[in-house]
Amino acid sequence: MDFTSGEKYQEHFDPKAYLASFCSFGSGRDNILHFRLQKCFKTFVLGGIKGKTLIDIGTGPSIYQLLSACEAFEEIIATDFTDNNRRELEKWLQKELGAFDWSATVKIVCELEGNRETYIEKEDKLRRIIKRVLKCDVTKSNPLEPEVLPLADCLITALCLETACKDLDAYHCAIKNISTLLKPGGHLVIIGVLGDTFYKVGQQTFFCLPLDEHKVRQAVEDAGYTISEIDIFPIVNMEAHASITDSYANFFLVAKKNMTK
């Protein structure tokens, strides 16, 4: 399908429908969500990737990718291109009526982490550590323009770049753009999908750039990183999701920014 413009995202992306289809346990995607939560737990709680600041590129309306990260960083900066997504996230941060209920997801993460906290305490901790919610455009040389922030210790981006980039050249460029926000020696964590050409939210269909492991590796290394891990999670029941997406796998990548870049 044709590339989806930023204007269409602003006008037609429904964050509540997205959360219901792609981020809810019981929606038929539990194994995929478990994979992402387990990898974040192993990376941030067990893996020793920590520091002062983490920037999440393309947070969307979701928080699952940050639940373990809040144990490893003093502050998190959330970002997204779409106004409705940032507003949906703010609803949860401010405990507003009608905010998405993340309790099932948070309980699973608390179990992974050994029940050190109740899920309510965990949610409140993440709320405290998310210090800002900013506009982000990965096609810009400074994706957070006009904001200029101190360089982060870690970047995470989940299911953002493949939807924001019309082709492989744009994908390479986007990784280089977000890398300007990261310290040399800092870490990049990418959660993404392979083979995906579209995803459907409500009645709206959105473009996705089809990637494979080689293309992802090449783009990350080209941007000046050394990859320490890439874990591929095959989707065995693709037909069960065929009406909303056609990806054949998820991936979880961890890379370290080279000191010379």
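Begin with the open sheet of seven strands, whose order is β3-β2-β1-β4-β5-β9-β8, with mixed pairing. Strands (E, at least two residues) and helices (H or I, at least four) are DSSP runs numbered from the N terminus, and two strands pair if DSSP finds at least two bridges between them. The model is predicted: local features need pLDDT of at least 70 and side-chain atom pairs count only at pLDDT 80 or more, while totals for chains, interfaces and linings use all residues. Residues are numbered from 1 along each chain as its sequence is written, and side-chain values use heavy atoms, with hydrogens and water left out.

Now move to β4 (residues 152-158) and β5 (residues 182-194). These strands run parallel and are joined by six bridges. Within the pair, Leu155 is opposite Leu188 of β5.

Select helix α9 (residues 213-222), which packs on the sheet and touches β5, β8 and β9 (249-257). Contact means heavy atoms within 4.5 Å. The direction of α9 makes about 160° with that of β8; angles run from 0 to 180 degrees between N-to-C directions, and axes are lines fitted to C-alpha atoms, for helices over the stretch in contact.

Continue to helices α5 (residues 103-112) and α6 (residues 119-129). They pack at an angle of about 100°, with their axes 9 Å apart. That angle makes α5 roughly perpendicular to α6, a term for angles of 65 to 115 degrees. In this contact, α5 supplies Ser103, Val106, Lys107, Val109 and Cys110, and α6 supplies Tyr119, Lys122 and Glu123.

Which residues are the closest to the centre of the largest pocket? Select Tyr9, Phe81, Cys160, Thr163 and Ala164, from a lining of 28 residues. The volume of this pocket is about 460 Å³. On a 1 Å grid over the protein atoms alone, a pocket is an open set of points with protein on both sides within 12 Å along at least five of seven lines; a cavity is a set where a 1.4 Å probe fits but cannot get out, and lining residues have an atom within 4 Å of a point. Grid points are joined across faces, edges and corners, and a volume is the space filled by probe spheres set on the points.

Finish at the largest cavity, of about 150 Å³. Among the residues lining it are Tyr18, Arg29, Thr163 and Asp196.

Conventions
Angles under 35 degrees count as roughly parallel, over 145 as roughly antiparallel, 65 to 115 as roughly perpendicular and the rest as oblique.
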